[in-house]
Amino acid sequence: MTLPPDHDAPVETMWEGRYIVAKKRGRWEYVARARGIRAAVILAVEDGHVLLVEQYRVPLGRACLELPAGLIGDETEGEDALASAARELEEETGWRPAHVESLGQFHSSPGMVSESFTLVRATGLTRVSDGGGVAGEGITPYRVALDALPAFIAARRAAGVAVDVRLMLLLADALLPLP
């Protein structure tokens, strides 16, 4: 691997807000999470169904269909990723997991954002509320049959809803059918 000539240049903070920081290293500009905040993305697949959420995303200017997710450590410093993921899943979807496990760290847009997320599998799901997130989030939860997922996503896209890249994880068979 060949490193760019400015790979070891000092990192400059160009702007910092409560949740994000714009940084520059040599000629490269990127965004990072502030204060060591991390993210958890929850894969809750059980009984042939998956839990999804739809919520308005300001950067897109429209709603986006996504896997449930949340920030770790935005309210409580040192928060455990798995505990945070279980809490976020229940808040957003109304389903409480009996078990959560880490599937590893992933980077969704490494050319522009330094943030990684912990992908968490949630199992032993019990419906405990309607979900929808905390006040003001306006989250719509969905429980979708896996065999209906491609058509569901196509219908939401046709309705003008953006689709998060992580949903490709669930569409692998439809996108790359085996011979």
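Visitor: How do β10 and strand β11 pair?
Guide: They run antiparallel, with seven bridges between β10 and β11, which covers residues 117-123. Keep in mind that this is a predicted model.

Visitor: Which residue in β11 is opposite Ser 102?
Guide: That's Val 120.

Visitor: What order do the strands of the open sheet come in?
Guide: The order is β8-β4-β11-β10, four strands with mixed pairing. At the edges sit β8 (69-72) and β10 (99-106), each pairing on one side only. From one strand to the next, the twist averages 30°.

Visitor: And what does helix α1 touch there?
Guide: Helix α1, residues 81-93, packs on the sheet and touches β4 (38-43), β8, β10 and β11. Its direction makes about 140° with that of β8.

Visitor: Now Glu 92: buried or exposed?
Guide: Glu 92, which is in helix α1, is buried.

Visitor: Which side chain of opposite charge is nearest to Glu 92?
Guide: Arg 57, at 6.1 Å. Glu 92 has no salt bridge, because that would take a side-chain nitrogen of Lys or Arg within 4 Å of a carboxyl oxygen.

Visitor: So what lies around Glu 92?
Guide: A polar atom of the Glu 92 side chain lies 3.3 Å from the backbone nitrogen of Ala 69. Beyond its neighbours within four places in sequence, its contacts include Val 53, Pro 68, Gly 132 and Ile 139.

Visitor: Switching topic, what do β1 and β2 form?
Guide: A hairpin, with three residues between them. Five bridges join these antiparallel strands, and Trp 15 has Ala 22 in β2 as its bridge partner.

Notes. Residues are numbered from 1 along each chain as its sequence is written. This is a predicted model: local features need pLDDT of at least 70, side-chain atom pairs count only at pLDDT 80 or more; totals for chains, interfaces and linings use all residues. Side-chain values use heavy atoms; hydrogens and water are left out. Two strands pair if DSSP finds at least two bridges between them. Helices (H or I, at least four residues) and strands (E, at least two) are DSSP runs, numbered from the N terminus. Axes are lines fitted to C-alpha atoms, for helices over the stretch in contact, and angles run from 0 to 180 degrees between N-to-C directions. Contact means heavy atoms within 4.5 Å. Buried means under 20% relative accessible area, exposed over 50%, partly exposed in between (1.4 Å probe, protein chains only). Lys and Arg count as positive and Asp and Glu as negative; His and the chain ends are not counted. A polar contact is a pair of N or O atoms within 3.5 Å; within protein, one must be able to donate a hydrogen and the other to accept it, and residues adjacent in sequence count only if both atoms are side-chain atoms.
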